[in-house]
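Reader: I would like to go through this model with you. Could we begin with the terms and then turn to the details?

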Amino acid sequence: TVTCIQHTRGIDVAGTIETVSEEYDMVFSSGYGDISEESFRVGHMGEHTVDSVRELTDAIEDVTGL
């Protein structure tokens, strides 16, 4: 299962995904097709916990300066 998030803050989605992957060793994905730079997807199925998803969102906030 994934949560799809539409952002409204001018985030460079591709750059954020790359930086979070390199600096935090965490992965999330952009949206599909025409909305790939307007949205991103966070997977939270399997061994993920509330804390692990929170760590990812904290990393995204840190990288984007939010």
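Author: Ala, Val, Leu, Ile, Met, Phe, Trp, Tyr, Cys and Pro count as nonpolar, Asp, Glu, Lys and Arg as charged, and the others, Gly among them, as polar. The model is predicted, so local features need pLDDT of at least 70 and side-chain atom pairs pLDDT 80 or more, while totals for chains, interfaces and linings use all residues. Residues are numbered from 1 along each chain as its sequence is written, and side-chain values use heavy atoms, without hydrogens and water.

Reader: How do the residues lining the largest cavity divide by type?

Author: The lining has 5 nonpolar residues, 1 polar and no charged. A cavity is a set of points on a 1 Å grid over the protein atoms alone where a 1.4 Å probe fits but cannot get out, and lining residues have an atom within 4 Å of a point.

Reader: Which residues are they?

Author: They are Ile-11, Val-13, Thr-16, Phe-28, Phe-40 and Ile-60.

Reader: Turning to helix 1, which of its residues are buried?

Author: Val-13, Thr-16, Ile-17 and Val-20 are buried, meaning under 20% relative accessible area with a 1.4 Å probe and protein chains only, whereas exposed means over 50%. Helices are DSSP runs of H or I with at least four residues, and strands are E runs of at least two.

Reader: Which exposed residues does the opposite face carry?

Author: The face turned away from the buried side carries Glu-22 and Glu-23.

Conventions:
1 Å grid on protein atoms, 1.4 Å probe; cavity = no way out; pocket = protein on both sides within 12 Å on 5 of 7 lines; lining within 4 Å.
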